[in-house]
Amino acid sequence: MQQYFTDVPLEPGMEYVFPKAQAHHAGTVLRMNHETIRLVHDGIGYFADAYPKGKEFAARVLAIDPRTNELPFPITLAQALIRREKMELILQKAAELGVTRIVPFESSRCVVHARSEKADRQRERWSSILQEAAEQCKRNRIPALESICTFGQLSGYISDLNLAAYEKAGEDSPLLQALRPSSITIVIGPEGGFSEEENAALNEMGFCSVSLGSRILRAETAAISACALIGGYLELCDRDPQGK
Ligand code: SAM
């Protein structure tokens, strides 16, 4: 079932007229004609019947879809800037894995740096990657994308539990020993990793250095596996002990 996010408030019985880009996708690309789709507005999903309407494309909103595909706790992924295609892979997978907020940042060993002249276009591309991934996996929300920040500004993204993936962290700090938090921030470094000073600074900020295992992972593998581990673990924790 195709899903689309919209800023338009929805209610059962109304007719939703698609904006141009969505109308092109639903009408011309997918050639829908009275197909059931999922529309999402402000975290609530609705079933709708999509159909061509003259030169436009519309959908009759049918009923609220009670399902929510969001994690029980917000996860913030703070990701150091890495090469473009790998950064975009992380954004896509983070959206699929339920991450609620993405904080791109620069650290001393980044091989890629923020370029103000490219900022708008890059943000637009990153936002569309997040939206497409959230639509594809039927999420009720698109992850929030923060502006690229400095290493020091990471202290502004503190959650209830704060982890910094650091390959030199002792094995006795495996990720999942973390307590059951109400929100989490996980920080992943760049291709060059964190310097000792940066790791110490992260600890100062309140981020606990955690190991993702004894293998040195690529940054994108570390980001994706950390989000998968945290999200999956929290969903399990959140389940009723009888496992309902
Ligand atoms: N400095 C590393 C090296 O020795 O080649 C490279 C850093 S790794 C490519 C990129 C980031 O992934 C690191 O900054 C860290 O955040 C995370 N990472 C990779 N492997 C990890 C592990 N085993 N435990 C914790 N974090 C890891």
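Strands β4 and β5 pair in the antiparallel sense over nine bridges, where two strands are taken to pair if DSSP finds at least two bridges between them, and where strands (E, at least two residues) and helices (H or I, at least four) are DSSP runs numbered from the N terminus. Within this pairing, A50 has A59 of β5 as its bridge partner, and in the β4–β5 hairpin, which has two residues between the strands, G54 takes a positive phi near 60°. The model is a predicted one, in which local features need pLDDT of at least 70 and side-chain atom pairs count only at pLDDT 80 or more, whereas totals for chains, interfaces and linings use all residues. Residues are numbered from 1 along each chain as its sequence is written, and side-chain values use heavy atoms, with hydrogens and water left out.

Strand β4 (residues 44–53) also pairs with β3 (residues 35–41), in the antiparallel sense and over seven bridges; here R38 has F47 in β4 as its bridge partner. The hairpin of β3 and β4 has two residues between the strands, and D42 takes a positive phi near 50° in it. Taken together, five strands form an open sheet of mixed pairing, in the order β1-β3-β4-β5-β2. Strands β1 (3–5) and β2 (15–17) stand at the edges with a single partner strand each, so one side of each is left without a neighbour in the sheet. From one strand to the next the twist averages 40°. Helix α1 (residues 20–29) lies across β1, β2 and β5 and runs at about 170° to β1, the angle being taken on a scale from 0 to 180 degrees between N-to-C directions of axes fitted to C-alpha atoms, for helices over the stretch in contact.

Residue I102 belongs to strand β7 (residues 101–105). At 1% relative accessibility I102 counts as buried, a class defined as under 20% relative accessible area, with exposed over 50% and partly exposed in between (1.4 Å probe, protein chains only). Apart from neighbours within four places in sequence, I102 is in contact (heavy atoms within 4.5 Å) with L77, L91, A94, L130, P143, A144, L145 and E146.

With a disulfide defined as a pair of cysteine sulfur atoms within 2.5 Å, the count comes to zero. The sulfur of C149 is 11 Å from the closest cysteine sulfur, that of C110, which is too far for a bond; C149 is buried, with a relative accessible area of 7%. C227 is likewise in no disulfide, the nearest cysteine sulfur being that of C137 at 13 Å, and C227 is buried with a relative accessible area of 1%.

The ligand is surrounded by 19 residues, the closest being A165, E167, L212, G213 and R215, where a residue is near a molecule if one of its heavy atoms lies within 4 Å of it. A backbone N or O atom of A165 lies 2.6 Å from an oxygen atom of the ligand, and a backbone N or O atom of G189 lies 2.9 Å from a ligand oxygen atom. For L212, a backbone N or O atom lies 2.8 Å from a nitrogen atom of the ligand.

Technical notes:
Polar contact = N/O pair within 3.5 Å; in protein donor to acceptor, adjacent residues only side chain to side chain.
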